[in-house]
Amino acid sequence: MNNKSTKNLLKKRSKPLTGLTLIEILFTIAFLFVALLVLLQVFSTAMSLEWINRMESQAALLAQEKIEAINAENYSDIAVGDVLEAALPSPFQIFSRRTVVSYVDANLQASGADLGLKKVEITVSWHSSLP
(Lines give C-alpha, C1' and ligand atoms only; values in the text may rest on other atoms or scores of the structure.)
Protein backbone atom coordinates (compact mmCIF):
# COMPACT_ATOMS: atom_id res chain seq x y z
CA MET A 1 0.00 0.00 0.00
CA ASN A 2 1.27 3.38 -0.79
CA ASN A 3 1.11 6.45 1.39
CA LYS A 4 -1.69 8.12 -0.63
CA SER A 5 -4.11 5.18 -0.37
CA THR A 6 -3.51 4.98 3.39
CA LYS A 7 -4.49 8.64 3.76
CA ASN A 8 -7.70 8.06 1.75
CA LEU A 9 -8.55 5.06 3.94
CA LEU A 10 -8.06 7.14 7.09
CA LYS A 11 -10.24 9.89 5.68
CA LYS A 12 -13.04 7.44 4.99
CA ARG A 13 -12.90 6.05 8.53
CA SER A 14 -12.68 9.42 10.20
CA LYS A 15 -16.13 10.42 8.99
CA PRO A 16 -18.67 10.58 11.86
CA LEU A 17 -20.95 7.58 12.06
CA THR A 18 -24.68 8.24 12.13
CA GLY A 19 -27.49 6.08 13.45
CA LEU A 20 -27.89 4.00 16.59
CA THR A 21 -26.01 0.97 17.68
CA LEU A 22 -27.75 -2.18 18.80
CA ILE A 23 -26.63 -1.61 22.40
CA GLU A 24 -28.16 1.87 22.45
CA ILE A 25 -31.45 0.48 21.18
CA LEU A 26 -31.44 -2.31 23.79
CA PHE A 27 -30.75 0.17 26.60
CA THR A 28 -33.58 2.39 25.39
CA ILE A 29 -36.00 -0.53 25.25
CA ALA A 30 -34.95 -1.70 28.73
CA PHE A 31 -35.38 1.82 30.14
CA LEU A 32 -38.85 2.18 28.60
CA PHE A 33 -39.83 -1.25 29.92
CA VAL A 34 -38.77 -0.36 33.48
CA ALA A 35 -40.59 2.98 33.23
CA LEU A 36 -43.74 1.18 32.05
CA LEU A 37 -43.54 -1.28 34.95
CA VAL A 38 -43.23 1.58 37.45
CA LEU A 39 -46.19 3.35 35.86
CA LEU A 40 -48.33 0.20 36.03
CA GLN A 41 -47.44 -0.29 39.71
CA VAL A 42 -48.40 3.30 40.51
CA PHE A 43 -51.71 2.83 38.66
CA SER A 44 -52.43 -0.40 40.55
CA THR A 45 -51.69 1.23 43.91
CA ALA A 46 -53.87 4.22 43.07
CA MET A 47 -56.79 1.93 42.17
CA SER A 48 -56.45 0.03 45.46
CA LEU A 49 -56.35 3.26 47.46
CA GLU A 50 -59.39 4.57 45.62
CA TRP A 51 -61.31 1.39 46.47
CA ILE A 52 -60.32 1.62 50.16
CA ASN A 53 -61.35 5.29 50.29
CA ARG A 54 -64.71 4.45 48.69
CA MET A 55 -65.35 1.70 51.27
CA GLU A 56 -64.38 3.99 54.16
CA SER A 57 -66.67 6.75 52.87
CA GLN A 58 -69.61 4.36 52.53
CA ALA A 59 -68.92 2.98 56.02
CA ALA A 60 -68.90 6.51 57.46
CA LEU A 61 -72.22 7.26 55.77
CA LEU A 62 -73.76 4.04 57.13
CA ALA A 63 -72.57 4.93 60.63
CA GLN A 64 -73.96 8.46 60.27
CA GLU A 65 -77.29 7.05 59.07
CA LYS A 66 -77.59 4.91 62.21
CA ILE A 67 -76.59 7.81 64.46
CA GLU A 68 -79.28 10.00 62.90
CA ALA A 69 -81.88 7.26 63.33
CA ILE A 70 -81.01 6.86 67.02
CA ASN A 71 -80.88 10.62 67.52
CA ALA A 72 -84.44 10.91 66.15
CA GLU A 73 -85.76 8.51 68.83
CA ASN A 74 -86.89 9.49 72.32
CA TYR A 75 -84.36 8.81 75.05
CA SER A 76 -86.56 6.18 76.64
CA ASP A 77 -87.04 4.38 73.31
CA ILE A 78 -83.29 3.82 72.79
CA ALA A 79 -82.71 0.23 73.90
CA VAL A 80 -79.54 -0.56 75.83
CA GLY A 81 -77.61 -3.50 74.39
CA ASP A 82 -75.59 -4.82 71.48
CA VAL A 83 -77.18 -5.14 68.02
CA LEU A 84 -75.39 -6.63 65.01
CA GLU A 85 -76.86 -5.90 61.58
CA ALA A 86 -75.06 -8.47 59.45
CA ALA A 87 -77.29 -8.11 56.39
CA LEU A 88 -77.66 -4.50 55.32
CA PRO A 89 -79.93 -3.71 52.36
CA SER A 90 -78.70 -3.47 48.78
CA PRO A 91 -76.22 -2.10 47.68
CA PHE A 92 -74.48 -2.41 51.05
CA GLN A 93 -74.52 -6.21 51.40
CA ILE A 94 -70.76 -6.41 52.02
CA PHE A 95 -71.08 -4.19 55.12
CA SER A 96 -72.08 -5.12 58.63
CA ARG A 97 -73.00 -2.62 61.33
CA ARG A 98 -72.73 -3.13 65.09
CA THR A 99 -74.47 -0.77 67.50
CA VAL A 100 -73.68 -0.85 71.21
CA VAL A 101 -75.78 1.31 73.56
CA SER A 102 -74.80 1.46 77.23
CA TYR A 103 -75.49 3.55 80.31
CA VAL A 104 -72.72 5.95 81.33
CA ASP A 105 -72.11 8.47 84.08
CA ALA A 106 -71.11 12.15 83.68
CA ASN A 107 -67.49 11.08 83.02
CA LEU A 108 -68.64 8.71 80.24
CA GLN A 109 -67.63 5.71 82.34
CA ALA A 110 -69.83 2.61 82.18
CA SER A 111 -72.66 2.66 84.68
CA GLY A 112 -75.05 -0.10 85.67
CA ALA A 113 -77.93 2.31 86.25
CA ASP A 114 -79.67 4.88 84.11
CA LEU A 115 -78.27 8.26 85.17
CA GLY A 116 -79.77 10.09 82.20
CA LEU A 117 -76.90 9.40 79.77
CA LYS A 118 -76.45 6.71 77.16
CA LYS A 119 -73.36 6.05 75.10
CA VAL A 120 -73.82 4.88 71.51
CA GLU A 121 -70.96 3.17 69.69
CA ILE A 122 -71.34 2.24 66.03
CA THR A 123 -68.85 0.07 64.19
CA VAL A 124 -69.17 -0.51 60.45
CA SER A 125 -67.01 -3.14 58.78
CA TRP A 126 -66.81 -4.84 55.42
CA HIS A 127 -65.55 -8.20 54.29
CA SER A 128 -64.18 -8.15 50.79
CA SER A 129 -60.84 -8.49 49.07
CA LEU A 130 -59.29 -5.65 47.16
CA PRO A 131 -60.19 -5.56 43.49
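Reply: Phe 92, Phe 95 and Trp 126 are linked by ring pairs into a cluster. Rings of Phe, Tyr and Trp (its six-membered ring) pair if their centres lie within 6.5 Å; planes under 30 degrees apart count as stacked, over 60 as edge-to-face and the rest as tilted. The model is a predicted one, in which local features need pLDDT of at least 70 and side-chain atom pairs count only at pLDDT 80 or more, while totals for chains, interfaces and linings use all residues. Residues are numbered from 1 along each chain as its sequence is written, and side-chain values use heavy atoms, with hydrogens and water left out.

Me: How many aromatic pairs does the structure hold, and what is the geometry of Phe 95 and Trp 126?

Reply: A pair of aromatic rings is described by the distance of the centres and the angle of the planes. The structure holds 2 aromatic pairs. Phe 95 and Trp 126 form an edge-to-face pair, with 5.9 Å centre to centre and 65° between the planes. This pair links distant parts of the chain, 31 residues apart: Phe 95 belongs to strand β2 and Trp 126 to strand β3. Strands (E, at least two residues) and helices (H or I, at least four) are DSSP runs, numbered from the N terminus.

Me: Is Phe 95 buried or exposed?

Reply: Buried means under 20% relative accessible area, exposed over 50%, and partly exposed in between (1.4 Å probe, protein chains only). Phe 95 counts as buried because its relative accessibility is 1%, whereas Trp 126, at 24%, is partly exposed.

Me: What does Ser 102 contact beyond its neighbours within four places in sequence?

Reply: Contact means heavy atoms within 4.5 Å. Ser 102, in strand β2, is in contact with Val 80, Leu 117, Lys 118 and Lys 119, its neighbours within four places in sequence being left aside. The C-alpha atoms of Ser 102 and Leu 117 are 8.6 Å apart, across 15 residues of sequence.

Me: Which backbone features deserve a look?

Reply: Ser 90 and Pro 91 are joined by a cis peptide bond, with omega about 10°; Pro 91 lies in the loop between β1 and β2. Leu 108, a residue other than glycine, has a positive phi near 60° and sits in the loop between β2 and β3 (118–126).
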